[in-house]
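Thanks, everyone, for making the time this morning. I would like to walk through one structure with you, starting from the overall fold and ending with the contact between chains.

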Amino acid sequence: MPGLSLLIPLDWAVCSGEHESFPPGVFSFCSRPLWDGAPGWVNNQVAQAVIGAAIVIAFWLWVAHAQKIVPSKRQFAGEWIYNVIRNGIARDMLGHDYRRFLPYLATLFSFILVNNLFGEFFLFMFPTFSKVGFPWILAILTFLLYNGAGIAKSGFLPYLKKSVLPAGVPKPLWILIIPLEFLSNFVVRPVTLALRLFANMFAGHLVVLVFVVGGTLLLTATEPGNGMPTWLLNGAGGASLVFSFAIFALEMFVGVLQAYIFTVLTAQYVSSALAEEH
Amino acid sequence: MLPVLEISGSLNMIGYALATLGPGIGVAWIFASVINGTARQPEARGAMLSTAWIGFAVVEALAIIGIALAFALR
């Protein structure tokens, strides 16, 4: 079942064999080895993730060193981004003990943001998270974080009880509520978290590919095809390439939005794991 | 069969097109509510928008899972 490799990272099911460059499909997301004869995991996507992490670390070190009371432009820009995460996400969602989770949230936001923007920038032109293995790992980290925070706060069994059984449910309904809440809190949450990020990036990159690759094919067409004269094909190709800039702009917005939403939902899950019973 | 009527491709995409209807209405409803709320109380816009984005993400997940499954299930 080659399609299933979308949801489980199994490259070999899709990437073996030759493919046409148009229409784009699942195979368009196959990795390339960084150099000839490199081991399978040394590919462009892993390299992108590592470069993304390096950019994030370098950025935060750069804006955080030599801080002054009167901030420079560099420090001001860094503090502005930090404040968006600190006040707009962490403090809004988590309340008074947001500080413990702030480093994770800030890292998550900046890492996802940088990797999503890779989809629109030269050298990369590929959003790392359109490969499903990467969002799975982030979702697992978030899963460990919010469950760990809940267990650390109230102990294993009380936490489990609190998360599968909302207060005030009458006994006959327990048989229905407990499996549902268990599914919702421990299965659906991390799965949708990963799938949302992955599928947004995947769908966005696919649309970009349709416009850019299809536009290039049409623009460079040299003979009439499908009953259309060459000039019409070339004109359509040019129009599609111009329109692809609008798609790129939309994708940049989606990238920022998804980074924000992943972080907000992580904070939301942590806050619901920490919440007291009412 | 007339050659004109030959349609090829994946039926999944038609299923996906149907599946976008629900999230489409949902997302429209969320932002319609934000517009309504902003018209009633303009200073609450920021608070409403940040909640709206979360709601948007949750609703949009349906459409997005739809497109993933449209490719995944053959």
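This is a predicted model: local features need pLDDT of at least 70, side-chain atom pairs count only at pLDDT 80 or more; totals for chains, interfaces and linings use all residues.

Chain A has 8 helices and 0 strands, so that, read from the N terminus, its elements run α-α-α-α-α-α-α-α. Along its principal axes, the C-alpha trace of chain A spans about 70 × 60 × 40 Å, and of its 278 residues 31% count as buried. If we take the contacts in chain A with a separation of 6 or more, 62% of them come from residues 24 or more positions apart.

Let me turn to one helix pair in chain A. Helix α5, residues 133–154, and helix α8, residues 230–274, have axes that come within 8 Å and cross at roughly 20°; because angles under 35 degrees count as roughly parallel, α5(A) is roughly parallel to α8(A). The crossing of these two helices, α5(A) and α8(A), is right-handed. On the α5(A) side the contact involves A:T142, A:L145, A:Y146, A:N147, A:A149, A:G150 and A:K153, which meet A:T266, A:Y269, A:V270, A:A273 and A:L274 in α8(A). By class, the residues of this contact between α5(A) and α8(A) divide into 7 nonpolar, 4 polar and 1 charged.

Finally, the contact between the chains takes 16 residues from chain A and 13 residues from chain B. The side of chain B that touches chain A has 11 nonpolar residues, together with 1 polar and 1 charged.

Key:
Residues are numbered from 1 along each chain as its sequence is written. Chains are lettered from A and ligands numbered from 1 in the order in which they are written. Two residues are in contact if their C-beta atoms, placed from the backbone, lie within 7 Å. Ala, Val, Leu, Ile, Met, Phe, Trp, Tyr, Cys and Pro count as nonpolar, Asp, Glu, Lys and Arg as charged, and the others, Gly among them, as polar. Axes are lines fitted to C-alpha atoms, for helices over the stretch in contact, and angles run from 0 to 180 degrees between N-to-C directions. Helices (H or I, at least four residues) and strands (E, at least two) are DSSP runs, numbered from the N terminus. Angles under 35 degrees count as roughly parallel, over 145 as roughly antiparallel, 65 to 115 as roughly perpendicular and the rest as oblique. A crossing is left-handed if the near helix is turned anticlockwise from the far one by less than a right angle, and right-handed if clockwise. A residue is buried if 20 or more other C-beta atoms lie within 10 Å of its own, exposed if 12 or fewer, and partly exposed in between; C-beta atoms are placed from the backbone.
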